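Please read the points below with the sequence and the structure side by side.

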Amino acid sequence: MSQATPEQLEAAIRELLAARSAEATICPSEAARQVGGDDWRDLMQPARDVVARLADAGEVEATQGGEVVDVRTARGPIRVRTSRAAR
């Protein structure tokens, strides 16, 4: 299991979003891969937890099919984008 911290995942999410256009999205797995390397799968739930915290703070939005969803209750793949308020 990877020893990655929530802070590392948060930094990776912010870095990935900053490198893209304001409307672009990322998958939480991209942050998990960046931080965890070969053990990235173990970081999927922690990455989603970080997305939930950032969404609560108004920094990001989790989406499915282009619609904003609550990452805590969403089932299946999600995408993450900078929140409209934070752009």
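1. A helix axis here is a line fitted to C-alpha atoms over the stretch in contact, and the angle between two axes runs from 0 to 180 degrees between N-to-C directions. Two packed helices are described by the angle between their axes and by the distance between those axes. Please keep in mind throughout that this is a predicted model.

2. How far apart are the axes of α1 and α2, and at what angle do these helices pack? Helix α1, which covers residues 6-18, packs against helix α2, residues 28-36, at an angle of about 120 degrees, and their axes are 9 Å apart. Angles of 65 to 115 degrees count as roughly perpendicular and angles over 145 as roughly antiparallel, and α1 and α2 are therefore oblique to each other. The crossing in which α1 passes α2 is right-handed.

3. The residues behind this packing can be named on both sides: α1 brings Gln8, Leu9, Ala12, Ile13, Glu15 and Leu16, and these meet Glu30, Ala31, Ala32, Gln34 and Val35 of α2. Sorted by class, the contact of α1 with α2 holds 7 nonpolar, 2 polar and 2 charged residues.

4. Is glutamine 8 buried, partly exposed or exposed? With a relative accessibility of 41%, glutamine 8 counts as partly exposed, because that class lies between the limit of under 20% for buried and the limit of over 50% for exposed. When residues up to four places away in sequence are not counted, glutamine 8 touches Gln3 and Val35. Glutamine 8 and valine 50 are 42 residues apart in sequence, while their C-alpha atoms are 9.9 Å apart in space.

5. The crossing of α2 and α3 is right-handed. The contact is made by Pro28, Ser29 and Ala32 of α2 together with Met44, Ala47 and Val51 of α3, and its residues divide into 5 nonpolar, 1 polar and no charged.

6. Serine 29, which lies in helix α2, counts as buried at a relative accessibility of 10%. Leaving out residues up to four places away in sequence, serine 29 touches Trp40 and Met44.

7. How many salt bridges does a search of the whole structure find? The search finds 7 salt bridges, and one of them joins arginine 14 to glutamate 10, with the closest N and O atoms 2.6 Å apart. Both residues lie in helix α1, and they are 4 residues apart, which is about one turn of the helix. Arginine 14 is partly exposed, with a relative accessible area of 37%, whereas glutamate 10 counts as buried at 15% relative accessibility.

8. Glutamate 10 also meets arginine 53 in a salt bridge, at 2.3 Å from N to O. This pair links distant parts of the chain, as glutamate 10 is in helix α1 and arginine 53 is in helix α3 (residues 44-56), 43 residues apart. Arginine 53 counts as partly exposed, at 40% relative accessibility.

9. Another salt bridge is formed by the side chains of arginine 72 and aspartate 56, at 2.5 Å from N to O. Here too the pair links distant parts of the chain, with arginine 72 in the loop between β3 (67-69) and β4 (79-82) and aspartate 56 in helix α3, 16 residues apart. Arginine 72 counts as exposed at 51% relative accessibility, and aspartate 56 counts as exposed at 56%.

10. Finally, please look at arginine 81, which lies in strand β4. Arginine 81 is buried, with a relative accessible area of 8%. Apart from neighbours within four places in sequence, arginine 81 is in contact with several residues, including Leu17, Glu59, Glu61, Val68 and Arg87. Arginine 81 and alanine 22 are 59 residues apart in sequence, yet 7.8 Å apart in space from C-alpha to C-alpha.

Key:
Residues are numbered from 1 along each chain as its sequence is written. This is a predicted model: local features need pLDDT of at least 70, side-chain atom pairs count only at pLDDT 80 or more; totals for chains, interfaces and linings use all residues. Side-chain values use heavy atoms; hydrogens and water are left out. Helices (H or I, at least four residues) and strands (E, at least two) are DSSP runs, numbered from the N terminus. Angles under 35 degrees count as roughly parallel, over 145 as roughly antiparallel, 65 to 115 as roughly perpendicular and the rest as oblique. A crossing is left-handed if the near helix is turned anticlockwise from the far one by less than a right angle, and right-handed if clockwise. Contact means heavy atoms within 4.5 Å. Ala, Val, Leu, Ile, Met, Phe, Trp, Tyr, Cys and Pro count as nonpolar, Asp, Glu, Lys and Arg as charged, and the others, Gly among them, as polar. A salt bridge is a side-chain nitrogen of Lys or Arg within 4 Å of a carboxyl oxygen of Asp or Glu. Buried means under 20% relative accessible area, exposed over 50%, partly exposed in between (1.4 Å probe, protein chains only).
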